[in-house]
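User: I've got a structure open on my screen and I'd like to talk through it. Can you take my questions one at a time?

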Amino acid sequence: KFLGPNFTESYCWPPVARGCDVVAISYQGNDPFLYIPPVLTFLQSGSCYKALPNRNGPIALILCPGWKKAQLVFELLKTYERCSRQLHPMLIILGQNKEEARSVKIRGCEVIVTTPYSLLRLFEHHSLLFCRLCHLVLDEIDVLFSDTAEQVFTVLDCYKKAIITEEWEYSPHQIIAVGTHWNKHIAHLIKEFMNDPYIVITAMEEASIYGNVQQVVRPCMNSERTAVLLKILDFTCNNLQKVLVFTNSVNEAEMVHKALKSNSIFSLKIHKESEFNFKYILEQWTKKYSSGTHVVLVLTDDCMQSLGITDATCVIHFSFPSPRIFGQRLHSMSDNFCNMIKNSSVDQEYTKARSVILLTENNECHALGILRYLQHAEAEIPPELHDLTAKMLETEEDKKFSRPLCAYLKTFGICKNRTVCPDRHQINLQVDVPQNIPDKIIQTPGCVTILPLHIVNATNYFGRIVDKQKDQYTILAEEINEYFKKPSNTISVKNVEKLAFYGLCEKTLFHRVQVVEISPKEDENLFFNVKIKYIDEGRTSQVPSHQLLHLPAKFQCLPPQAVEFVVCRVKPIDNEIEWNPKVTHYIHHKIKGKLHEAKIVHTLGNTAWVDPMVGIELLSDLKMSVNEYNVRSEILSTGLGTDNPEHITQLQKL
C-alpha cells in the first residue's frame with residue numbers, strides 16, 4: 001500500500017542505498033522510513049560483507065532517542081524484513097542491572113535497534129560489538145544530541161576505531177543521521193566521522209542555520225516600522241547588497257516603496273497589482289552592479305515563486321509570516337548560505353546572508369516561535385523578546401486553568417515540554433481541593449490501607465482507601481450484588497444520559513459506573529457504544545449502551561471511591577519521560593488487587609502521593625500482617641528506575 005517516496009525520501013534513498021554517508025534534516029525527520037527501505041536494500045547484497053571477520057555481531061546498528069521510538073523502529077523492521085533476506089533484528093533495551101547486559105546473546109543477529117545508554121551498557125560486556133558493524137543509523141539526531149551527546153560521541157569514537165583496521169578496506173562503512181532540526185553537534189559529526197556525506201535539508205529555516213545566516217530581531221512599535229526599516233537600510237558596505245523587503249499586502253508594499261523613494265533609496269517593487277512584470281523586475285535584479293551598490297526589492301509573498309530569487313544577501317521581514325512562509329523567504333538567500341562541505345573554514349563567523357525580523361505588538365502571537373528559533377540558531381536575543389515571551393507563557397498557562405493538572409508534573413515533579421503540553425502546570429484551588437479522600441486522612445496524613453485496582457504505569461495507580469474498621473464500600477458492594485442477583489432488578493436503561501450513574505455486570509460482579517461520553521448513533525440503530533468510568537476503580541471502558549442497568553438512588557449516595565495514587569521519589573532511567581512497559585508489567589502483577597500500607601505525604605484533587613507504599617501479607621492465624629515488599633524499592637530493583645529526590649519538593653513549590 002506504499003504509494004512511493006515523498007519529497008525528502010526521494011533525495012535520501014539513492015545515496016543511502018549506495019552506501020554513502022547521509023545527513024537528512026526535514027519536517028518528517030522523525031520518520032524511520034527516511035532510511036529503512038534503502039538500508040534494507042543495501043543489506044540484501046551479501047557479497048559486500050564477505051570480507052568481514054567471521055564473528056558474532058551486528059552489521060547494522062540503529063540508535064534511537066528512547067525505548068518508545070526504538071520499539072517503533074523494531075516493529076517496522078520486522079514488517080518490512082519479510083520482503084528481504086532474514087536479518088534476525090533485535091530490540092535491546094537494558095536497565096542498570098549488569099547481569100541483564102551480560103546475559104544478552106547476539107548470535108546470528110544482523111541488525112540491532114537500541115538507545116545510546118543501552119548500547120554502552122551492552123558494550124561493557126560485549127567488547128566485539130563493533131567488529132562487524134558497517135551501518136550506523138542515528139535516528140532523530142537532534143534529540144540524540146540534545147539529550148545524550150556524550151553517549152553518542154562515545155559510540156561514534158568506538159565505531160571510528162573499529163573501521164580503521166586493514167580488514168575494513170573492502171567492507172562498507174556508512175553513517176546515516178536523520179532529524180527535524182539542525183544541531184551544532186551535527187557539524188562535528190560531519191567533519192570528524194563522515195566521508196564526503198550527502199546533506200539533504202528540505203526545511204529551509206533549518207538550512208539557513210546550517211548555512212550560518214545571521215538572524216537579527218528588531219523590536220519596535222508597529223507605527224515605527226518604516227523608520228526602523230530606513231535605519232536598517234542606511235548602511236555603508238563595500239560589497240554588493242541585494243535586499244528583499246517582504247510585506248503582507250499590496251497596500252503595505254506600496255506604502256514601503258513610497259517611503260523608500262521619498263528617502264532617496266532606489267528600490268523596485270512587485271505585487272500582483274503592480275504594472276511591472278516579473279521579467280522586467282528580474283532583469284533589474286540580475287543586472288551587473290558595482291561593489292557597494294544597494295538593490296532593494298519590496299514584494300509580497302505571492303511573488304516569491306514566480307521570481308525564483310536565490311541570491312539575496314538580506315531579507316527583511318517587514319510583516320511577519322507563518323512558519324512555512326518564513327522558510328520560503330529565507331530560501332531567497334540560499335546562494336549565499338555557507339556550505340560546510342566546501343568551506344570548512346567558516347565556522348563561527350556569519351556569512352554575508354542576513355535575516356532581519358521586525359517584531360511589533362501586532363505579531364506577539366509569533367514571539368514564542370521566534371524565541372525558540374533564535375535559541376536554536378544560537379542568535380542574539382533582545383531582552384524585549386524574553387520579556388514578551390514570559391508574559392505570553394503566563395497567559396497561555398492561564399488559559400489552561402480548567403485543564404487537568406499535568407500528569408508528568410504529578411508523576412515526576414517536572415514537565416519537560418511545558419510550552420507544548422496541553423495540561424495545567426499551576427494549582428487551581430477550585431479543582432485541586434481533595435476529592436474521594438476521607439477528611440480525617442487529609443487532616444492527619446499518615447498510614448492508610450490502599451487497594452490498587454487499575455495500574456496506569458509503574459508509579460500511577462487508581463484504587464481505593466480501605467477502612468480497616470468498617471469499610472463502607474465493601475458493605476455497599478455486597479448490597480449491590482445481592483440486589484442485582486434478582487432478575488427482576490436488572491432493568492436495562494432506555495435513555496442513557498451523560499454523567500449519570502448506572503449499574504454494569506462484568507463477569508459475575510456488578511459495578512457502579514458513570515457515562516463520560518456517548519458515541520453518535522449510527523443510522524437508526526437502537527444500540528450504540530458509550531464510554532464509561534468505573535467510579536470505584538478509576539478505569540474507563542467502552543460498552544454497548546444496552547448493558548447499562550438502572551441503579552437505585554440508595555446505591556448512589558456513597559461518593560465515588562476511586563483515588564489516584566502516585567508513588568514518590570522514583571523516575572525512569574536515562575532521562576526517559578515514560579515508564580518502560582517491562583517495569584509497568586512487573587509492578588502490575590506485583591500489586592494489583594492486593595492490600596498495601598501507604599503513608600500519604602500530599603493530596604491534590606483526587607490524587608494522593610504516597611511514600612512509602614508497602615505490600616502487606618495478612619496472617620489470619622496470628623491476626624497480624626507483615627511487610628512483604630516496598631513498591632519503590634521493587635521499581636529500583638528492575639534497573640529501569642532511578643532516584644528522584646526533588647519530586648515532592650517540586651510539588652510543594654507549586
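User: Let's start with a charge over a ring. Which ring does the charged end of Arg 539 sit over, and how far is it from the centre?

Analyst: Keep in mind that this is a predicted model. For an Arg to count here, its CZ has to be within 6 Å of the ring centre and within 35 degrees of the ring normal. Arg 539 sits that way over the ring of Tyr 534, and the distance to the centre is 3.7 Å.

User: And which ring does Lys 160 lie over?

Analyst: For a Lys, the atom that matters is NZ, with the cut-off at 6 Å from the ring centre. Lys 160 lies 5.2 Å from the centre, over the face of Phe 193.

User: How are the rings of Tyr 483 and Phe 555 arranged?

Analyst: The structure holds 14 aromatic pairs. For Tyr 483 and Phe 555, the ring centres are 5.3 Å apart and the planes stand at 70 degrees. Planes over 60 degrees apart take the label, so this pair is edge-to-face.

User: Where do those two sit in the chain, and how many residues apart are they?

Analyst: Tyr 483 belongs to helix H18, residues 472-484. Phe 555 is in the loop between strand S19 (540-544) and strand S20 (563-567). The pair therefore links distant parts of the chain, with a separation of 72 residues.

User: Are Tyr 483 and Phe 555 buried or exposed, and which residues make up their aromatic cluster?

Analyst: Both Tyr 483 and Phe 555 are buried. They belong to one aromatic cluster, whose members are Tyr 483, Phe 484, Phe 510 and Phe 555.

User: Is Phe 7 buried or exposed?

Analyst: Its relative accessibility comes to 57%. The cut-off for this class is over 50%, so Phe 7 counts as exposed.

User: Now the open sheet of 7 strands: what is the strand order, and which strands stand at the edges?

Analyst: The strands pair in parallel, in the order S3-S4-S2-S5-S6-S1-S7. Two of these strands have a single partner each, so one side of each is left without a neighbour in the sheet. The edge strands are S3 (90-92) and S7 (198-201).

User: How many bridges join S5 and S6, and which residue does Asp 139 stand opposite?

Analyst: Strand S5 covers residues 135-139 and strand S6 covers residues 174-179, and they pair in the parallel sense over 5 bridges. Asp 139 stands opposite a residue in S6, namely Val 178.

User: Which strands does helix H5 touch, and what angle does its direction make with that of S2?

Analyst: Helix H5, residues 116-125, packs on the sheet. The strands touched are S2 (60-63), S3 and S4 (111-114), and the angle with the direction of S2 is about 135 degrees.

User: What feature does UniProt place at residues 53-159?

Analyst: That span is 45% helix and 15% strand, and its end C-alpha atoms lie 15 Å apart. The UniProt record, an unreviewed entry, gives the feature there as "domain: DEAD/DEAH-box helicase".

Terms used: Residues are numbered from 1 along each chain as its sequence is written. This is a predicted model: local features need pLDDT of at least 70, side-chain atom pairs count only at pLDDT 80 or more; totals for chains, interfaces and linings use all residues. Side-chain values use heavy atoms; hydrogens and water are left out. Two strands pair if DSSP finds at least two bridges between them. Helices (H or I, at least four residues) and strands (E, at least two) are DSSP runs, numbered from the N terminus. Contact means heavy atoms within 4.5 Å. Axes are lines fitted to C-alpha atoms, for helices over the stretch in contact, and angles run from 0 to 180 degrees between N-to-C directions. UniProt positions are given in the numbering used here, feature names are shortened, and annotations may be inferred rather than shown by experiment. Rings of Phe, Tyr and Trp (its six-membered ring) pair if their centres lie within 6.5 Å; planes under 30 degrees apart count as stacked, over 60 as edge-to-face and the rest as tilted. Buried means under 20% relative accessible area, exposed over 50%, partly exposed in between (1.4 Å probe, protein chains only).
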